[in-house]
Amino acid sequence: MTSRLFKTGTGKYIILLFTAGVFVVPLYMTLITAIKDPKDINLLTVWIPPGYININGFIEAIYKLGPNFKNSLILTVSATIISSLIGSINGYIFSKKRFPGSDIVFMFFIFGMFIPYEIILIPLFQMTKQLGLYGSIWGLVLAHVVYGIPIVTLLFRNYYDQIDNSILESAVIDGAGFVSLFYRIFLPLSIPCFVVVGIWQFTQIWNEFLWGVCLTKQESNPITVGLAKLAGGEAVKWNEPMAGAIIASLPVIFIFIVAGKYFIRGLLSGSIKE
Amino acid sequence: MKIKKDYIISIVVILPSVILLGIFVYGFILNTVFVSLTDWGKGAGLKINPVINFVGFANYSDLFTSIIWQRFRQDMVNAVFYWLFILSGSLILGFFLAVLLDRYPRGESFFRTLFLYPFALSFIVTGTIWRWLFAPNGGFNVLPTLIKLPRIEFLWMSSRTSILNFNWQDIPLIITVFISLILFFVILRLIILKKNEIKLIIYSILFIIFFISFFIELFFAPPMINLKEMHGFNLASIGIIIAAVWQYSGYTMALYLAGLRGLPVSLYEAAKIDGASDMKFYLKIAIPNLWPITLSAIIIISHISLKIFALIFAMAGTDNAGTSHPSVLMYLTTFRANNFAFGASIAVLLLILSSLFTIPYLIYLYKQRTK
Amino acid sequence: MIKKFLTLFFVLFISLFLLLFYGCKKAESGRISQGIEKVKLTDEMPKGNLEIYSWWAGDEGPALESLISLYKSKYPDVTVINATVTGGSGVNAKAVLKTRMLGGDVPDSFQVHAGQELIGTWVAAERMLDLTPLYQSEKWMDVFPKDLIKLLGTKDGIWSVPVNIHRSNVMWYIPDNLKKWNIEVPKTIDNFFKAAEALKAKNIIPLALGENWTVNHLWESVALGVLGADKYDKLWRGELSWTGSDVVKVWETFGKVLSYTNKDSASLSWQQATDLVVNGKAAFNIMGDWASGYMSTTLKLKPGVDYNWAPSFGNSGVFMFLADSFGYPKGAKNPAAIIEWLKICGSKEGQDAFNPLKGSISSRKDSELSKYNDYAKSASKDFQSNRIVGSLTHGVVANEGFMNDFSTVMELFLKSMDPIKAANACQAIAIQNGMAK
């Protein structure tokens, strides 16, 4: 291994820091607005940090968003787990257990990623209502699971495509059946992919708004709806929604910090074709 | 016998998902197509048993020709530009960031998290922040004055300037020229490769048909609409595009980073022996080798560019025509104007527009599999 | 282990399908009657749940809370569910309400702008109950102004109870600044143009403007100024042609007014437009009287001293109103509780609790003025004495279809600045939405 392989020049650092600076601008703004006094928030002074720190925004936001936060956790965790499980099974079949016509079926799965989500609101509402799931968090779980199937299946199939068929063949010779193959070999092998899919689904579901507002009632509103309420009045105290935004992003950022390394690793093992 | 049993298990296991998607995706699409062919929403559309008449393709022809629906036509143009710029922006910036982080600079994990974090945020509120950043008399425009430079005068999302304008009347003409050109190159390729004469003949006939229709349209056909109507790329949407690229380039960075690190070291060493610089290595060797990654990034970012609705909603509001998207118009038409049939028509056209890009991808995927 | 896993998977799916099957069978039957129906008054003591649906959150929340707590103190047996949906200046609330109504999940009472926004959508769909018996039993026919009742109802009945009155045609300014710049408050449109020229010479924005809907908001003031109250009313009754010279003149004048506004308007919220006036960057701002609430509560300015107001130029003697109201949708489940709720919405006690917090005035002629601030006192006086007309942007005079399409026409105009084209497009949308022949 040459020394140059791991060298990073000063020029590169300058570019890196500069880009990081640009990326951080909106975060900076969220943060300083969150600690301002509402009457000091106006367009002319957006860049300027406040003279003193006012944490009332955070106190109010925590108080108001508490129940929504809990709802969102239940929603996101359960929908993410269910859809990843379904996706891994589907992906396994489309990759390793193909049946006549499975590629066509797969095409139809993927196409489902591209429907305009706003227009299906009316039928979606009627469907959840008829299922008796309207109003609670579970209707929303159903919607996220169903509409998550295409992309989750795609990610898992791509991942399983990388796994060499020779593993499969040797296992078949060992006498493993359909189910045990999946359970004993693919499930353990697919932990990295679960991390990738999990992160993807978690962020998407955590941040979704329109369905949350249409399919749940007051007491089971997810956090995005709560946030919109903070920001939705005629004369808004902007420090509250900004503080709320920071609180709402904590779980996702936490996951990125904890699982970030596995995220890259999972993508790595999943997306390169030999 | 064993194989057949496997087939049955596969089908049984996949069946629930098929049924769910059949109802929730294809059932709903059919429902929308049906609604789009009616006049549901005129007058008292919210009645318990509204009077709904079948009107055929009248809504569609209205959308393409009536003066009131000028905004729809601009929105379709916007949708194409949004897709194009958000996609290329996130791919290029993502690759650039990945190259910066590829060789484990100091603080790599910090930077990586930083670039990924926009992906974690909801636009409900960060949309507001972006709105302030692009406010003409605050935000980015006054940033240079902090270091005593003249301020920027660009109006961002309030801008009404558009570039790359074309006349809506010319749309059929443009499409014909476009298809003719593609056919021309296909024929050229077939001639050079000297194979498959039947294909050559078919393509040549098609080409001649399109070529002739080009002249017919140019000189004889009546224009689609009476007035000259210019559409183009609205500079107002630049702000939205920047925000979207900011949010999603972290994801493409992660993809490319994974890809770069997965490249065999031998590739790099071979390039070094050939005397290639770092730059040359990334451009000439890494990019072609990362093609599968680019492909999956394209499909995911395209999927996301359909969700641009939330971003526009939060950043520019629903009535800012310069930054609008068919999904926004569809939402307004359906839920504010109670015009369910037109809303459904817009949705169907949006779906067709995105199919123009996704179906070739799906066919490509399919061919790869069956090879 | 393997079997367990598979079983789990299938149990999950099978239960889902059973639910689906069961759900489809239980589909909503035609529980809601069609045609016109009057409300039936009862003396029953209300109990159970009462769901109030609105888009009031944030700063408007406390006003609604005050009404609800008044209700709770009277009827402790009722559980009030305060369902709010926010975002997109009420668009999300409308979307959710419409999906819910179409899906057969009717809230007990919902907030709606009084006038055509309610009539054109929900009354036309025969989804509301006629409240005339309630108006008679509560003697509201006498306490609400006649002009107001006329705009709330149709020939078939009265459809909602207005809980407040906002004024739309108000022009805000900072008196100290005007003195400094030596500018009089313009009473007529020509006066405004003169003042605007003088201000422009001093490099001050004559009129601060915000995003799209505030442009429509400005338009209605200009239209009223150019047409006068009689012709303005005629326009909405379909008796004045949209393509006639009068309306073309409205668009011409409006185009000229726009030339005196800030260029970055489309990216400013209405608060930020008001900020321009407060900061001395602009001289005037035409906005509804919620701007007073913003300046007095959030910015802590003193009404009449730190900031002041006048009717929009050319609008003297006319009060352009909008009102939030609550109605009684058919199919709502708790009649006794809803009727008591509507009574409180229309009562003196309820309105005088709600309006000082909301920054609006009472829709009754007999409200307790001592509870209100100086701005509200002056607005109440005007409301009693002025000619009353309805707002376009806030749903009084035009149905939702027209309002939506009008925004599109406005965008056309802002791009082309062509009065004739705009007038023609208006005619087209008026026909499309059944407001002209």
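Guide: Here are some questions and answers about this model, which is a predicted one.

Visitor: Let us begin with chain A. What is it made of?

Guide: Chain A has 11 helices and 0 strands. Its C-alpha atoms fill a box of roughly 75 × 65 × 30 Å along the principal axes. Of its 274 residues, 62% count as buried.

Visitor: Why is A:Cys193 called buried?

Guide: A residue is buried when its relative accessible area is under 20%. A:Cys193 has 4%, so the label buried applies. C:Cys345 has a relative accessible area of 0%, so C:Cys345 is buried too.

Visitor: How do you know how many disulfides there are over all chains?

Guide: A disulfide is a covalent bond between the sulfur atoms of two cysteines. The search looks for pairs of cysteine sulfur atoms within 2.5 Å. Run over the whole structure, it finds 0 disulfides.

Visitor: What should helix 8 of chain A span, and how far apart are its end C-alpha atoms?

Guide: Helix 8 covers residues 191–207 of chain A, which is 17 residues. The expected span is 1.5 Å times one less than the number of residues, and for helix 8 that comes to 24 Å. Its end C-alpha atoms are 24 Å apart, so the two values agree.

Visitor: And what makes helix 8 of chain A "mostly covered"?

Guide: Of the 17 residues in helix 8 of chain A, 13 are buried.

Visitor: Which label does A:Phe94 get, buried or exposed?

Guide: A:Phe94, in helix 2 of chain A, has a relative accessible area of 1%, which is under the 20% cut-off, so A:Phe94 is buried. Leaving aside neighbours within four places in sequence, its contacts include A:Phe106, A:Phe109, B:Ile14 and B:Arg369.

Visitor: Why is B:Ser302 called buried?

Guide: The relative accessibility of B:Ser302 is 9%, again under 20%, so B:Ser302 counts as buried. This serine sits in helix 11 of chain B. Not counting residues up to four places away in sequence, B:Ser302 touches A:Phe114, B:Trp83 and B:Leu87.

Visitor: Why is C:Glu126 called partly exposed?

Guide: Partly exposed lies between the buried limit of 20% and the exposed limit of 50%. C:Glu126 has 23% relative accessibility, so C:Glu126 falls in that range. C:Met417, at 40%, also counts as partly exposed.

Visitor: What is said about the phi of C:Glu126?

Guide: C:Glu126 has a positive phi of about 55 degrees although it is not a glycine. This residue is in the loop between helix 4 and helix 5 of chain C. C:Met417 is not a glycine either, and has a positive phi of about 55 degrees; its place is the loop between helix 17 and helix 18 of chain C.

Visitor: How is empty space found inside a model?

Guide: Rolling a probe the size of a water molecule over the atoms shows where empty space is left.

Visitor: Which residues line the largest cavity?

Guide: There are 14 lining residues, and B:Trp83, B:Ser305, B:Leu306, B:Ser354 and B:Phe357 lie nearest the centre. Helix 14 of chain B gives the most to the lining, with 5 residues. By class, the lining has 9 nonpolar, 5 polar and no charged residues.

Methods:
Residues are numbered from 1 along each chain as its sequence is written. Chains are lettered from A and ligands numbered from 1 in the order in which they are written. This is a predicted model: local features need pLDDT of at least 70, side-chain atom pairs count only at pLDDT 80 or more; totals for chains, interfaces and linings use all residues. Side-chain values use heavy atoms; hydrogens and water are left out. On a 1 Å grid over the protein atoms alone, a cavity is a set of points where a 1.4 Å probe fits but cannot get out, and a pocket is an open set with protein on both sides within 12 Å along at least five of seven lines; lining residues have an atom within 4 Å of a point. Helices (H or I, at least four residues) and strands (E, at least two) are DSSP runs, numbered from the N terminus. Ala, Val, Leu, Ile, Met, Phe, Trp, Tyr, Cys and Pro count as nonpolar, Asp, Glu, Lys and Arg as charged, and the others, Gly among them, as polar. Buried means under 20% relative accessible area, exposed over 50%, partly exposed in between (1.4 Å probe, protein chains only). Contact means heavy atoms within 4.5 Å.
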